[in-house]
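Please look over the fold below.

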Amino acid sequence: MTAPDRAHNSRLPRTGKIPYGGDYNPEQWPRQVWEEDHRLFTQAGIDTLTVGVFSWSLTQPAENTYDFTTLDGILDRAAADGRHVCLATGTAALPPWLAKKHPDVNRTDFEGRRHRYGQRHNFCPSSPNYRRLAPAVADRLAERYASHPALLAWHINNEYGGVCYCDLCAENFRDWLRARHGTLDALNDAWWTTFWSHRYTDWDEIEPPSALTEHWRGPDHTAFQGITLDYQRFMTDALLGCFTAEKEAIRAHDPDTPVTTNFMGAYRPLDYHRWAPHLDFASWDNYPPLDAPPSRPALAHDLMRGLKDGAPFWLMEQTPSTTACRDVNPLRRPGELRLATWQAVAHGADAALYFQLRASRGACEKYHGAVIGHSGRDDTRVFGEVAFLGGELTEVGAVTLGARTPARTALLFDWDSWWALEISDGPSRLVRYTDVVHAYYRAAREAGADVDVVAVTADLTPYDVVLAPVLHLVKQDLPQRLEAVARRGGTVLATFLTARSDEHDRAFLADVPGPLAPLMGIRVDEWDARPEDVVQPIQLGELTTQARLVFEIVQLRGAEPVATYGADFYAGTPAVTRNAFDAGEAWYVATALDQPGVDHIVRRILARHDLIGPYADHRTVETATRVAPDGTRLLFLLNHAREPAHLTAHTSATDLLTGKRLGQGEALTLDPLGVAILRSQ
């Protein structure tokens, strides 16, 4: 692997405005179509093209043959109109000749079946032939295009993902385990292999955890959580090794142009925190279900921003109208595209790109939304909305570039805890990590707080509030750092199923919640898991709310009760507690509260630190703050309702999108799905 940059050392491409455009595949079309495309790009304000994403079979039609004729023409045509190119290495889908000539590049699935050629994301990350030939393509591309006037950024592979269980991966897994654990004794202790006579006496005895070994009923049902957790970590590192090999090849010819790959938000298979130091800048593809609450994509935006210590990211893909990959693919209604794009910018995006610019004629994405449809018209509603937004982005210019979010609230997001929680036998398989995390994030965002979504290793000193929902594994010095937040007057919140196990998913030999028990001031000896239709009434001050799934039975050890259970033999015992800890507080929520209950608690915590936003009473109006390098403060107001939102300006400001000057206390109306960007010093 290349030596990683520090996570905070983000290097974004240098532009004079937000790059606007998206995935473009002119290799699918004759040259005369290219000319019409570029005319339409100019009309729509499109200045940035992502090209070559799936071009491997075109640029390398045989192992010892390269042909850059088409790619030369694509880049030269972009440069002729002054457009930028984000150039992909094209290594996300194998060319057919490679799979035929070198079968080791084909993956073996969870059931032990060696795949033949087909689809995409179809390569084994341990294949020596893939590890040899993919960087070779990147090397040739960088040698040829490093100095091309259109080149703006490098885009390695595409949406990394998938798992392989072949013999090559098994061998590399054993090597990875030697490096991680050192000795078999340490590994046996970490995986607790005295259970079920699993003690290993030779590294070669270890097999990848699959349907043929430790699993039943699928990847989430494993007899030994330790080995499954380590395999997920290993596969994250194996795919990362593929990325860094291509980056090294690029850097041999181009030491300066920023390099990225497109992530997928809260994507369970890969721990993006392990990847972040190796990216020059983060980028991701935003495809939320259109019926999801707006806080779902907002959470993913903030997670991506948190990968590089709060630095801006690129929105690498979004649909201008509809997806094609789901069973039912709803259409974005008028105004939704503009709102979604400005939401991304509000949360830290310094680029707004689409998939796709021209619709494919064939294969599985021919009905996926595009800026330019099959007929090539410029008078469609979608093209008109894209062009209007392009005009707005041009008008705003560079104002938002490099702007940061001044958050004082942190939400801890941890892939290890996600994996461990959802592969655990007990207490409940109905608890979903991202659902609980989202509930607390949503409560903070709807209360008007800016939120940094950060790794458990992040520096917590900038934050007054730290939210740690379902942080199942607690590792290293996190307990001491959370205590430090409270000692200086901050507030820490933890929930049920937090601090249950160590980094190897071994239960702490201590009272629940393990090393967080002194901070929380409680003890949990028992917990009750029930089906989803079993509801516990919870009395939370004057609010009667509900809880489901898991009910931990709390004994107070210094904390005070804030809410109590209303039924069963533990009625009247604490469901929510608060513990005074030095100058600060620690809250513990022992059950899965419904959203009104989570909202109530989070607002009480935020109010203690004066973090309730000025528009928090308008539940459909999302706010987000960015501060530009010159100190300019930008408050984004996003109305997610289909009715106007009538507000009162909280300060004197100018709306960047209309140029209107507002005085403090002046009426401000947001149209349905409307946006305002209030600029103040």
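Which residue in strand 9 is the bridge partner of G22? The partner is Y354.

## Basis

This is a predicted model, in which local features need pLDDT of at least 70 and side-chain atom pairs count only at pLDDT 80 or more, while totals for chains, interfaces and linings use all residues. Residues are numbered from 1 along each chain as its sequence is written, and side-chain values use heavy atoms, with hydrogens and water left out.

Strands are DSSP runs of E with at least two residues; helices are runs of H or I with at least four; both are numbered from the N terminus. Two strands pair if DSSP finds at least two bridges between them.

Strand 1 pairs with strand 9 over three bridges, in the parallel sense. Strand 1 also pairs with strand 2 in the parallel sense, again over three bridges. Here G22 stands opposite L49 of strand 2. The chain passes from strand 1 through helix 1 (residues 31-44) to strand 2, a right-handed β-α-β crossover. Right-handed means that, with the strands pointing away from the viewer, the path from the first strand over the helix to the second runs clockwise.

Strand 2 (residues 48-51) and strand 3 (residues 84-88) run parallel, joined by four bridges. T48 faces H84 of strand 3 across this pairing.

## Helices on the sheet

## Two buried residues

S295 lies in helix 10. S295 counts as buried because its relative accessibility is 7% (buried means under 20% relative accessible area, with a 1.4 Å probe and protein chains only). Its side chain makes a polar contact of 2.7 Å with that of H438 (N or O atoms within 3.5 Å, one able to donate a hydrogen and the other to accept it; residues adjacent in sequence count only if both atoms are side-chain atoms).

Q318 is in strand 8. Q318 is buried, at 0% relative accessibility. Beyond four places in sequence, its contacts (heavy atoms within 4.5 Å) include N286, R332 and Y354.

Terms used. Buried < 20%, exposed > 50% of the residue type's maximum accessible area, 1.4 Å probe, protein only.
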